[in-house]
Amino acid sequence: MLPQTVKVLDVRDAVDYDNEHFPDSVNVSLGRLPFVWKTEFNPQDEIVIVADHIIAIKRAARILQRRGFRKLYAVRTPIAVYLKGEEQRLNGGER
């Protein structure tokens, strides 16, 4: 059995991804996901799906579920808020 890995899949537009994204996340559009998932993900991985809308999250989850993925999670929190909080945490608190 392969070890499990947590990976972040960002299905937002490339422009939005370039503006702000989680470190080490993978940006794949929903249209390409059915064709390129094998190059980035393994069905044993835990996948955190990031999108602006719940519909995009559900579509990505459905695509991956059909390919055997079972450990799927969603993030709808604005990424800028999360990244700002991480930056503050890493720099020793709020300023």
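These legends go with close-up views of a predicted model.

View 1. The protein has four helices and four strands. Of the 95 residues in the protein, 31% are buried. Take the contacts between residues at least 6 apart in sequence: 67% of them join residues at least 24 apart.

**View 2. Helix H2 packed against helix H3.** Two packed helices are described by the angle between their axes and the distance between the axes. Helix H2 covers residues 33-40, and helix H3 covers residues 54-65. Their axes lie 10 Å apart, at an angle of about 65°. Angles of 65 to 115 degrees count as roughly perpendicular, and H2 and H3 are therefore roughly perpendicular to each other. The crossing of H2 past H3 is right-handed.

**View 3. The residues where H2 and H3 meet.** From H2 come Leu33, Pro34 and Trp37. From H3 come Ala60, Ile63 and Leu64. By class, this contact has six nonpolar residues, no polar ones and no charged ones.

**View 4. Asp10 in strand E1.** Is Asp10 buried or exposed? Its relative accessible area is 0%, so Asp10 is buried. Now compare sequence and space. Asp10 and Val75 are 65 residues apart in sequence. Their C-alpha atoms are 9.5 Å apart in space.

**View 5. Asp24 and Ser25 in the loop between H1 and E2.** This loop runs between helix H1 (14-19) and strand E2 (26-27). Start with Asp24. Its phi is positive, about 65°, although Asp24 is not a glycine. The relative accessibility of Asp24 is 77%, so Asp24 counts as exposed. Move on to Ser25. At 9% relative accessibility, Ser25 counts as buried. What does Ser25 touch, not counting residues up to four places away in sequence? The answer is Val8 and Tyr17.

**View 6. Phe41, a buried residue in a loop.** Phe41 lies between H2 and strand E3 (46-50). Its relative accessible area is 5%, so Phe41 is buried. Which residues are in contact with Phe41, leaving aside its neighbours within four places in sequence? They are Lys7, Leu9, Val26, Ile47 and Phe69. Finally, find Val8. Phe41 and Val8 are 33 residues apart along the chain. The separation of their C-alpha atoms is 9.8 Å.

How values were computed: Residues numbered from 1 in each chain as written. Predicted model: local features only at pLDDT ≥ 70, side-chain atom pairs only at ≥ 80, totals over all residues. Heavy atoms only, no water. Axes fitted to C-alpha atoms, helices over the stretch in contact; angles between N-to-C directions. Helix = DSSP H or I, 4+ residues; strand = E, 2+ residues; numbered from the N terminus. Parallel < 35°, antiparallel > 145°, perpendicular 65-115°, else oblique. Left-handed = near helix turned anticlockwise from the far one by under 90°. Contact = heavy atoms within 4.5 Å. Nonpolar A, V, L, I, M, F, W, Y, C, P; charged D, E, K, R; others polar. Buried < 20%, exposed > 50% of the residue type's maximum accessible area, 1.4 Å probe, protein only.
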